[in-house]
Structures are given as C-alpha cells and as structure tokens.
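Biologist: I am new to this structure and would like to understand what each label rests on. Could we go through the terms slowly, one after another?

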Amino acid sequence: MADAPEPVNFIQDKSLEMLLDSYAIQLSLSDYSTLPRYPRYLYAKYFADEIKDLITLDCSKTFKDVKPNTILTFHSTECDGRVYIKDGNVAILPFVPQLSYKVQSSQFRIEILGPTGKKFKFFMVTKLPVGKSLPINFRQIILSAEQNYNFNNDIRICQSLQRNIECSDFYGTDKRLLHMRTEFIRKFSVLKEKFDFHLECSIFEGYQAFIDKCRDKLQTMVYDLCHDLRHDFNLYFSRNEANKKHFRMGGKGYIEQLYSIMKSKGIKPEMLGVFLRYFRVNFVGEGGVDAGGPRREAYDNLMAEIIDSDEYFVRSPKSKEMGSVVKIPSLTARPEYISLVGSLVASTFLNGVRFPFRFEKYIWKSLFGYPITASDAMSIDSELMSTVNSLRCGYKGVVRMKSLSGESLKAWEITEETEEEKVQSILDEIISQRIKEMNNGFAPFKDGFLTVIPFKYLKILSPDVIEELLCGDNEITAYQLTSILRFRGNYPLHYTMFTRCIEEMTNKERISLVKFITGNTTKPDSITVHFYDDGREHDMKNGLLPYAHTCFKSIDMYLYTSYEVMLSKLRTAIEHGSLISDGKFDFSAYVGGSGN
C-alpha cells in the first residue's frame with residue numbers, strides 16, 4: 001500500500017494568502033457581489049504611494065543616493081541651451097519635455113548647457129515600496145472610489161486592456177487605485193484558472209448584455225414617443241439634387257433634404273433612432289415600395305455625406321499634415337445642419353449599426369462634459385504645439401496666432417525686453433482663442449447628439465466605449481463576408497465559385513457588393529444567395545447579371561459556366577448597381593440609347 005501523501009501546511013504556505021487575496025479580488029470585481037468594490041485591506045496591502053518633488057535648478061547638479069523607481073518629468077525652463085541627463089554610467093540623453101525618464105542607477109546628473117542663471121524646473125517622483133506607506137487620507141481615497149463606483153468603470157478598464165491603451169481617469173477615483181484595479185482585472189483570468197473558482201464574474205461576459213440594456217432603454221423611449229405622436233414618416237429624397245450638390249452644381253445634399261423634410265413634417269431629431277424601423281423612404285422618380293432596402297440605402301447615403309464630404313466635418317490641421325483623414329466640425333457649416341449631423345451619428349447606436357466615423361478624440365470626450373483643454377487643442381495641430389513649446393522655452397521673434405483653417409489672426413514680436421508676464425499673456429490668448437473656436441464648432445454637434453442619447457444615459461458609458469459602439473472599421477474581410485452567407489439551391493459547385501469570387505475581390509469591391517445586396521455598407525447578420533437554373537447557358541457573352549432584393553438582403557444568381565464569368569458579372573452588377581431595379585438592367589443609361 002502506498003504511503004499517504006504528507007499533508008501541506010497551509011498556514012505557512014503563501015498559496016493560502018494568494019487564494020484569499022484572489023478570492024477578495026473576484027468578489028470585488030463581480031457584478032453580483034454585495035461586498036465593497038474597493039476592499040480597504042486589499043488595496044492597502046498592494047498600495048504604492050509616491051513622493052513628488054518640484055526641483056528648481058539654475059546650474060548643473062548631481063543627485064546621489066537616488067531611490068529605485070525614481071521618475072523625472074519636465075516642468076518648465078528658461079534655459080537658452082539644452083538640458084541633458086547623465087544617468088550614472090548608463091547614458092547621456094537630452095531632457096525631452098513630452099517624455100518621462102526612469103532613473104536606472106543610484107545617482108544622476110542634470111547638465112544645463114548655455115548661460116548660467118536661467119531656471120530649469122522638473123518633477124522628481126519617487127515610488128515607495130508596495131504596501132509599506134499609506135497617505136494620511138487613504139481612508140477617504142477608498143471611500144470616494146467606493147461611492148463613485150459604476151459597473152461601467154470596469155468595462156472601460158476591460159476595453160483599454162483589449163485595445164492595449166491607458167484607461168482614462170474615473171471621477172472621484174484616485175489614479176493609483178485605478179492602476180491597481182487594472183492590474184487586478186488583467187491578472188484575474190490567471191488567478192481564476194489557477195484556483196478553479198466557481199463564482200460568477202460578469203465583467204467580460206456581461207459587457208454586451210450591458211450595452212444591449214442601454215440600447216433597449218433608449219429604443220423604448222423613442223418608440224413610445226413615435227407611437228404617441230403618430231407622425232408621417234414617409235420621406236422623399238431626390239438623387240438628382242444630391243448629385244448636383246456632390247458635383248457643386250447647386251442642389252441639396254441628403255442631409256439638407258432630410259432637414260427640410262423633418263422641419264416640414266415636424267419630425268423630432270430623437271425620432272431618428274428608429275429610422276431603420278419606422279421610416280419609409282422613396283426616391284423621387286423611382287418605383288418600388290420600401291420594405292427595408294430604400295431606407296437602408298438612404299441612411300447609408302446620409303452617413304456617407306458625413307464621412308466623405310467636407311461639408312459638415314473637415315480634416316483637422318494635424319490630419320492634413322499627416323495625410324490622414326481625421327475630422328472636426330466645420331466652422332462654416334450652418335449650426336442647424338451640424339446639430340442634425342450630431343443626431344444622425346447618435347442614432348446609429350439605437351439603429352444597431354456602425355459606420356467608420358473618424359473624429360478627433362476630444363469630440364468623444366467632450367460629449368461627456370469634459371472641457372476642451374490646451375492639450376486637446378495642441379493634439380490636433382502640430383503648429384500650435386510648436387508655437388506653445390517655443391514660447392515656454394524662451395523663443396525670441398515673431399509669434400503668430402492662427403485660426404483652425406490656418407488664417408493668421410494676430411502677431412506679436414517677442415524680444416529680450418518682453419516681460420515674462422507678457423509672454424504668458426500671449427500664450428494664454430493663443431490657447432484660449434483656439435479653444436473658443438473648437439467649442440463653437442462642437443457645441444451644435446453636442447446639442448444634436450444629446451437630443452438622441454440624453455446625458456443621463458450617455459454618462460453610464462465612456463468616451464472610449466461610445467466611440468467603439470458607433471465607429472465600425474470600413475473593412476469587410478473575405479472571411480467575415482463568407483461566414484454570413486446562406487445558400488439556397490442544391491448547387492455546391494457554384495457555392496464554391498461564389499466564395500472564391502469574394503476572396504478574389506478587393507475590400508472596396510466587397511463593401512460595394514454588400515451595399516448592392518443590402519443597400520448598406522455595414523456588414524449585416526446574414527445574406528441569402530439564391531441560385532437558379534433557368535435552362536440557359538450563362539457564359540461571358542450571354543450570361544445575365546445577378547440582381548439583388550435589398551429589402552430581404554438577398555441576391556439571385558444564375559448558373560454561370562465558370563468562376564471567371566461569375567466574377568465578371570458580379571463586378572458589373574455592383575459597379576452599375578444604381579441602374580438595376582427589380583432585376584432589370586437599364587441599358588439606356590449604360591449605352592446612351594433608348595431602353596425600348
């Protein structure tokens with residue numbers, strides 16, 4: 001008989017301590033727990049306090065007996081020359097204002113080159129050992145975090161971990177507690193697997209349910225409003241007018257048309273939240289009954305005007321410089337149109353679709369009541385950042401204040417005789433002018449957005465979460481598209497040919513195919529592909545084009561003789577999709593002759 005295993009002394013084993021800690025962590029993270037979200041003993045045990053000193057130098061200096069984990073950050077300088085850090089025998093590096101530097105050895109030296117007597121200021125932050133020192137107000141810090149806890153806080157942390165970015169601050173929560181909770185959530189899955197917990201934790205699993213609950217509340221509110229008012233939701237759009245606007249030949253774009261329609265019918269902006277359910281769309285001069293397809297196409301055209309044109313949103317100065325397309329509200333567009341754009345962007349959440357909006361970060365942040373700051377202004381304009389940094393570093397010469405569009409508004413000449421207070425006054429005026437411009441452009445967008453998603457619902461989300469919910473990537477991969485196909489008809493060879501066509505298409509062609517079939521550029525839940533055998537030979541010369549039923553998100557395909565023929569017919573159909581109606585191709589528009 002084998003000897004019995006020697007019992008483990010759990011009292012002396014650190015596994016028990018780890019188990020208790022991880023158990024407490026899980027309870028504090030669980031959505032079903034009634035225990036404190038920030039257990040004081042747990043956070044006191046892992047709390048790492050820090051000492052932050054502001055150091056002022058007027059000449060080079062060596063600092064000795066530096067504690068581990070010391071970090072240096074720039075504050076300000078009056079030096080004409082450069083400032084360097086000599087970290088023991090490790091390296092000599094320039095002191096860059098935008099970066100922090102972690103000291104690697106027990107001593108370092110700040111080298112100030114140039115004339116002496118000029119002040120250089122920096123912060124020296126020393127982190128104390130974990131759990132060894134607590135601030136005097138630690139009890140109040142824990143209490144404030146507990147009182148201001150929201151389940152969405154943990155969702156925001158999870159989102160930042162998934163996207164590998166730093167989580168933004170929570171109101172009433174100390175940043176050090178936020179970092180600790182982030183680490184707890186990061187390591188939670190490992191702890192759960194190691195100790196085989198059986199309690200429920202809803203942070204990851206409940207995210208989608210949480211979002212769906214928010215959407216359901218808003219939809220119910222809008223449905224009730226529409227039901228009580230019983231409005232006429234029949235909309236008539238003119239493609240001809242929109243095309244004239246696109247080619248700058250007069251006319252009205254889709255957003256202008258929608259504004260006029262809503263004003264004449266008394267449709268409130270919040271009702272746009274049920275656009276894809278209650279509204280009925282007709283295009284002037286075109287037949288057909290809207291069973292879903294036309295309204296999806298109209299909705300897509302409205303969003304395309306926001307994303308692609310420079311009528312309501314324009315590229316930010318930094319975006320122009322970098323050659324990217326990240327936009328800010330236009331200062332020249334009519335405020336009522338910008339307000340309608342805000343309502344349309346918010347309505348995508350209630351309608352359950354996403355579009356590739358590419359807006360600067362301050363727009364999403366400011367929706368939650370955060371003020372536009374100098375950092376926000378400099379983050380969208382490299383030239384403004386350069387001007388501000390030059391003034392802070394003692395620049396002498398001509399300084400110009402420019403508008404967001406690049407127009408010169410004012411100029412000053414900075415000389416040796418210019419007082420420091422005057423320089424600071426110029427700096428404040430430049431920044432305040434830019435912030436004022438940004439607020440003027442953003443205000444109507446915010447008003448329209450909060451009309452559809454009231455702040456009492458918006459505040460339970462976060463800037464990062466709302467951006468992710470509204471902004472979908474403008475990309476549909478071959479795998480994403482083939483995974484939602486539903487084939488009808490017993491023709492497995494042609495199923496394979498259709499799948500191969502999708503794999504051969506470019507991303508732009510796949511998006512066009514989805515729009516041809518559904519009337520919308522966003523990926524639907526499913527697409528039905530019907531194959532028909534009409535007894536004819538559909539080759540390159542005689543083959544008919546496929547045709548779509550946008551209302552039912554389906555496409556009718558013939559039995560083409562080869563993969564090459566099928567791909568060619570699909571490309572022709574999506575290229576000239578606007579000329580196809582009810583399965584008939586309008587050749588008069590294609591060849592310039594009569595259709596009869």
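Modeller: Let us begin with the record: UniProt positions are given in the numbering used here, feature names are shortened, and annotations may be inferred rather than shown by experiment. The UniProt entry, which is unreviewed, lists Cys 551 for "active site". Residues are numbered from 1 along each chain as its sequence is written, and side-chain values use heavy atoms, with hydrogens and water left out. This is a predicted model, in which local features need pLDDT of at least 70 and side-chain atom pairs count only at pLDDT 80 or more, while totals for chains, interfaces and linings use all residues.

Biologist: Where is the place of Cys 551?

Modeller: Cys 551 is in the loop between β17 (547-549) and β18 (554-558). Helices (H or I, at least four residues) and strands (E, at least two) are DSSP runs, numbered from the N terminus, and the chain has 24 helices and 20 strands.

Biologist: How many disulfides does the structure hold?

Modeller: A disulfide is a pair of cysteine sulfur atoms within 2.5 Å, and the structure holds zero of them.

Biologist: Why does Cys 59 count as partly exposed, and what makes Cys 501 buried?

Modeller: Buried means under 20% relative accessible area, exposed means over 50%, and partly exposed lies in between (1.4 Å probe, protein chains only). Cys 59 has a relative accessibility of 39%, and therefore counts as partly exposed, whereas Cys 501 has 0% and is therefore buried. Of the 596 residues of the chain, 44% count as buried.

Biologist: Why does Ser 316 count as buried, and what does Ser 316 touch?

Modeller: Ser 316 has a relative accessibility of 0%, so Ser 316 counts as buried. Ser 316 is found in the loop between β11 (313-315) and α12 (317-322). Contact means heavy atoms within 4.5 Å, and, not counting residues up to four places away in sequence, Ser 316 touches Val 326, Lys 327, Ile 328, Glu 360 and Ile 380.

Biologist: Why is Thr 451 called partly exposed?

Modeller: The relative accessible area of Thr 451 is 31%, and therefore Thr 451 is partly exposed. Thr 451 belongs to helix α17 (residues 420-452), and touches Pro 269 and Glu 270, not counting residues up to four places away in sequence. The C-alpha atoms of Thr 451 and Ser 343, which are 108 residues apart along the chain, are separated by 6.7 Å.

Biologist: What lines the largest cavity, and how do you know that the lining residues are nonpolar, polar or charged?

Modeller: On a 1 Å grid over the protein atoms alone, a cavity is a set of points where a 1.4 Å probe fits but cannot get out, and lining residues have an atom within 4 Å of a point. Grid points are joined across faces, edges and corners, and a volume is the space filled by probe spheres set on the points. The structure holds one cavity of 30 Å³ or more, and about 30 Å³ of space lies in the largest cavity. Its lining is made by Leu 481, Leu 485, Phe 498, Ile 502, Leu 513, Val 514, Ile 517 and Ile 527. Ala, Val, Leu, Ile, Met, Phe, Trp, Tyr, Cys and Pro count as nonpolar, Asp, Glu, Lys and Arg as charged, and the others, Gly among them, as polar. The lining of the largest cavity accordingly divides into eight nonpolar, no polar and no charged residues.

Methods
On a 1 Å grid over the protein atoms alone, a cavity is a set of points where a 1.4 Å probe fits but cannot get out, and a pocket is an open set with protein on both sides within 12 Å along at least five of seven lines; lining residues have an atom within 4 Å of a point.
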